[in-house]
Amino acid sequence: MTTASATAPDTGFENIPKDDKRITRGWTFYDWANSVYPLVITSSIFPIYWSSMVKEVTGTDSGKTPVEFLGLHVPGTSLQNYSVSAAFLIIALISPLLTSLADFSGRKKLFLQFFCYLGAASCAGLYFFEPSTFTLSVFVFIMATIGFSGSIVFYNSYLPDISSEEKFDSLSARGFSMGYIGSVVLLIMCLMLIQGPTLSGTPMFGLSTGQATRFSFLLTGVWWAGFAQIPFFTLPADPGRPAGAASDSGWLLNGFRELGKVWEETKKQPNLKRFLLAYFTYNMGVQTVMYVATLFGSEELKLDSTSLIITILLLQVVGILGAYLFAKLSERIGNTRALSWAVFIWMLICVAGYFVQAGWSFYALAAVIGLTMGAVQSLSRSTYSKIIPENTPNSAAYFSFFDVTEKVGIVIGLIVFGGISQLMGGNMRYSILALIVFFILGLLFLLQLRGRKLREDSTPATEGGALAPPLATPNVGMPATPK
């Protein structure tokens, strides 16, 4: 079979040194930089502030009250979910083409920087989110989500470029751990700023609680763009394409051509398709739980904002342990088996979520979610890196399929969750329980990969019918045989 690495243009990404400590350390700092967005904006401070803005705009005491948006009246909580879904759909539509352009042009870092600055600037722009700017701020929030999602595609695609295969798991886990630590540090800083007036009785730095909350969005953008300078400085410069090359003209057309090549190659790789199908289903459940956890705690368990933020901090801290623990487990039993165990635990989480109550049982469940949350995210990224063709210059395009699978899954998961909750009279416990179907399907698809050599042999048969020597690719679906 002909691989993408054989058909794609030589743009120089394959010449990046593997396991260079300066490069890999710098790469992990982008996790440190950008992970403040999903924690501060997606999970903790911004959703609470959004609800308060809806209440101010509508003059009611409920964040669910319909708010006017572009002539439509949409429930406040639903509008936030629709905004996230819209951002994900946009990035899912454009990322395959953009990543193909990045691979073809040899300018992957340039695209990473563009989306990083777009997201960071949009986060900072949320500082101006007030009732009078509600509609505009919704679009700014969508742009922030697009920036985060778009940059992650190019960031992830560097993993197989800068690391040897045997270190994919540990480096991916280190990146996620850096993200968890960095985001917790910033969240604590923001909470000290916001809670200062409440604890001391006087405004801290002259800021009211509302101003301090909006200042935390500005701080998030500055943190993201500021610490991103470390990977931007340490990652190798974009090789670009040879000056004067005839193929330099028509970037858009060539981007479509490269995307078509990668798409054709994926059809010849059944293990890649099996894994993407597994990832699509089980990650649909994982991401849905992560996005609705705050809403479930506030609306179903009636937890106050302090308890919710403590829970979110617990998730981040335990997530560090989970990423490293399952990376070590994968070394002993193989990637797909380790992932299978993580998905099985998520099935139990769905059952426990149906019965959980406020108190110790909720915090215990949150700890288990954090443990498997980091594990699934880290192992999924490293496993996919082991499946795509080795040393392919089309790594960004391959990871765009990975990202599209995730984003479409999130949209479907949120729709299913909301639909079931609405059918059951607003009871979200049934929605949590129903997510077990996604994990069962994901586990079944993962089991089809157990015992297989994940990266399929791309060496064609020699003339005369004799088979060419196999690639020196370890069987990452199973633990290595002891010497």
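Throughout this talk, buried means under 20% relative accessible area, exposed means over 50%, and partly exposed lies in between, with a 1.4 Å probe and protein chains only. The model is a predicted one, in which local features need pLDDT of at least 70 and side-chain atom pairs count only at pLDDT 80 or more, whereas totals for chains, interfaces and linings use all residues. Residues are numbered from 1 along each chain as its sequence is written, and side-chain values use heavy atoms, with hydrogens and water left out.

I shall begin with the salt bridges. The term denotes a side-chain nitrogen of Lys or Arg within 4 Å of a carboxyl oxygen of Asp or Glu. By this rule the model has 6 salt bridges. One of them joins Arg214 to Glu130, at 3.9 Å from N to O. This pair links distant parts of the chain, 84 residues apart: Arg214 sits in helix H10, and Glu130 in the loop between helix H6 (108–125) and H7. Helices here are DSSP runs of H or I with at least four residues, strands are runs of E with at least two, and both are numbered from the N terminus. How accessible are the two partners, Arg214 and Glu130? Arg214 has a relative accessible area of 10% and is therefore buried, while Glu130, at 34%, is partly exposed.

A second salt bridge connects Asp169 and Lys386, whose closest N and O atoms are 3.0 Å apart.

Asp403, Glu406 and Lys407 together are linked in a network of salt bridges.

I turn now to the largest pocket. Its volume is about 930 Å³. The search uses a 1 Å grid over the protein atoms alone: a cavity is a set of points where a 1.4 Å probe fits but cannot get out, a pocket is an open set with protein on both sides within 12 Å along at least five of seven lines, and lining residues have an atom within 4 Å of a point. Grid points are joined across faces, edges and corners, and the volume is the space filled by probe spheres set on the points.

Which residues lie closest to the centre of this pocket? Of the 41 lining residues, they are Pro47, Ile48, Tyr49, Ser51 and Thr294. Among the helices that give two or more residues to the lining are H3 (36–43), H4 (45–58), H5 (76–105) and H13 (270–300). H4 provides the largest share, 9 residues. By residue class, the lining divides into 19 nonpolar, 17 polar and 5 charged residues. In this scheme Ala, Val, Leu, Ile, Met, Phe, Trp, Tyr, Cys and Pro count as nonpolar, Asp, Glu, Lys and Arg as charged, and the others, Gly among them, as polar.

Next, the hairpin. Strand S1 (residues 66–69) and strand S2 (residues 72–75) pair in the antiparallel sense over 4 bridges, where pairing requires that DSSP find at least two bridges between the strands. Val67 stands opposite Val74 in S2. Between the strands there are 2 residues, and Leu70 in this hairpin takes a positive phi near 55°. Most residues other than glycine have a negative phi. Leu70 is exposed, with a relative accessibility of 58%.

Asp19 likewise has a positive phi, about 60°, although it is not a glycine. Asp19 is placed in the loop between helix H1 (4–7) and helix H2 (21–34), and is partly exposed at 26%.

Finally, two residues in the helices. Ala120, in helix H6, is buried, with a relative accessible area of 3%. Leaving aside residues up to four places away in sequence, Ala120 touches Gly221, Trp224 and Ala225, contact meaning heavy atoms within 4.5 Å. Ala120 and Asn34 are 86 residues apart in sequence, and their C-alpha atoms are 8.5 Å apart in space. Thr220 lies in helix H10 and is buried at 0% relative accessibility. With the same exclusion of residues up to four places away, the contacts of Thr220 are Val36, Tyr37, Val40, Ile41, Cys123 and Leu186.
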